[in-house]
Amino acid sequence: MPSLRFLGVAAAAAVATVAAADQPFSASIVEPADREVVRTFDGASSGDEKLHGVEGTLYSVAADGYTDGPFYVANITAPTHYGAGYAYGRLLANESVSNFKALFSHEFPKEWQGLLLDG
C-alpha cells in the first residue's frame, strides 16, 4: 500500500505581505526564519496497531513582514487516511480549539454562548 504524505506548506519558501489598508496590495518575497518544532506524533509509541507507520511534526515558522504571528507547517507521513487524520488531529488540536473559540466569541459574543464553548 502506498504511503500518504501531507506537507501543509502555506508558503515555506516565500510569504506574501500586504501593505497598509489604504494602499494597494504589494506582494514581496521574504525568506522565512528557521522553523521550530511545536510538537511531534509517533504512531508506533501510541500502542494502537492502526497507527503503525504514522509520523508527524508540527513546525512554527516566522517570517519578516508576516504580521499575523508565525504560521504552521504540518509534515505528516501515514500509510492510511485514518492515520493521517489522526496525526493531524493530535498535532493541531490546540490550534483548532483556539481557532474555534475565536470564531464563536466573535460571531456569538453573548456570555451564555461563551459558556457553551468552555464546557
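**Group meeting: a quick look at this model**

Okay, so the secondary structure here comes to two helices and four strands, where helices are DSSP runs of H or I with at least four residues, strands are E runs of at least two, and numbering goes from the N terminus. Reading from the N terminus, the order is β-β-β-β-α-α.

Ground rules, quickly. This is a predicted model, where local features need pLDDT of at least 70 and side-chain atom pairs count only at pLDDT 80 or more, while totals for chains, interfaces and linings use all residues. Residues are numbered from 1 along each chain as its sequence is written, and side-chain values use heavy atoms, with hydrogens and water left out.

How confident is the predictor? pLDDT, its confidence in each residue from 0 to 100, averages 77 for the protein, and 74% of the residues score at least 70. Strand S2 (residues 36-42) comes out highest at 95, and strand S1 (residues 4-8) lowest, at a mean of 48. Over residues 5-20 pLDDT stays under 50, yet the model has 43 contacts for them beyond four places in sequence; contact means heavy atoms within 4.5 Å.

On to burial: of the 119 residues, 23% are buried. Buried is under 20% relative accessible area, exposed is over 50%, and partly exposed is in between, using a 1.4 Å probe and protein chains only.

Last stop, Asp 64. You'll find Asp 64 in the loop between strand S3 (55-61) and strand S4 (71-78). Asp 64 counts as exposed because its relative accessible area is 61%. Pro 32 sits 32 residues away from Asp 64 in sequence, but their C-alphas are 6.9 Å apart in space.

Technical notes:
pLDDT = per-residue confidence, 0-100.
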